[in-house]
Amino acid sequence: MIDLEHQVQVAICQYLDLRGVCYFAIPNGGKRNVVTAVKLKKEGCQPGTPDLCIIHEGQAFFLEVKRPASTAGGKGRLSPAQKEMIGRIEEAGGEVKIVYSVADVIEACIDWQINVL
């Protein structure tokens, strides 16, 4: 099975690299054994944390990458934990965009006035 969400995130990272944007991935998901999951939780992993964090001019911006609508399963949706975490991030002054493509990230960068090259 092709992991389209992974492919979209890889393309987004390539785009951000080309633009010279300061970002990092937050590898919070995936299958893990119980020992690793407990360890990561103790280290601060939080359910629902967005996939990517961009830092620009002292502000944190987050991207939650979802499966595009063109897939057999349809457009990816936010889980309850993701909705809750997005609310917490926004309450703390961060900004979050749900993105399905590189085009969505380009729009987010325009909205956030991230013009790095």
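This report covers one threonine, the salt bridges and the nonpolar cores of a predicted model.

Residues are numbered from 1 along each chain as its sequence is written, and side-chain values use heavy atoms, with hydrogens and water left out. Because the model is predicted, local features need pLDDT of at least 70, side-chain atom pairs count only at pLDDT 80 or more, and totals for chains, interfaces and linings use all residues.

**Around Thr49**

Thr49 sits in the loop between α2 (34-42) and β2 (52-56). Helices (H or I, at least four residues) and strands (E, at least two) are DSSP runs, numbered from the N terminus. Is Thr49 buried or exposed? Thr49 is buried, at a relative accessible area of 18%. Buried means under 20% relative accessible area, exposed over 50%, and partly exposed in between (1.4 Å probe, protein chains only).

The Thr49 side chain makes a polar contact with the side chain of Asn28 at 3.3 Å. The Thr49 side chain also reaches the backbone oxygen of Gln46, at 2.8 Å. A polar contact is a pair of N or O atoms within 3.5 Å; within protein, one must be able to donate a hydrogen and the other to accept it, and residues adjacent in sequence count only if both atoms are side-chain atoms. Leaving aside residues up to four places away in sequence, Thr49 touches Ile26, Asn28, Glu64 and Met85. Contact here means heavy atoms within 4.5 Å.

**Salt bridges**

How many salt bridges does a search of the whole structure find? The search finds two. A salt bridge is a side-chain nitrogen of Lys or Arg within 4 Å of a carboxyl oxygen of Asp or Glu.

| Salt bridge | N to O distance |
|---|---|
| Glu64 and Lys66 | 3.7 Å |
| Asp111 and Lys97 | 3.1 Å |

Asp111 lies in helix α4 (residues 102-111) and Lys97 in strand β4 (residues 95-99), 14 residues apart. Asp111 is exposed, with a relative accessible area of 51%. Lys97 counts as partly exposed, at 25% relative accessibility. Glu64 and Lys66 are both buried.

**Nonpolar cores**

A nonpolar core is a set of buried Ala, Val, Leu, Ile, Met, Phe, Trp, Tyr and Cys residues joined through side-chain atoms within 4.5 Å. The largest has 17 residues. Ile12, Leu16, Ile54, Leu63, Val105, Trp112 and Ile114 touch the most other members. At least two residues of this core come from each of α1 (4-19), β2, β3 (59-65) and α4. The most come from α1, which gives five. A second, separate core has six residues, including Cys53, Phe62, Ile86 and Ile89.
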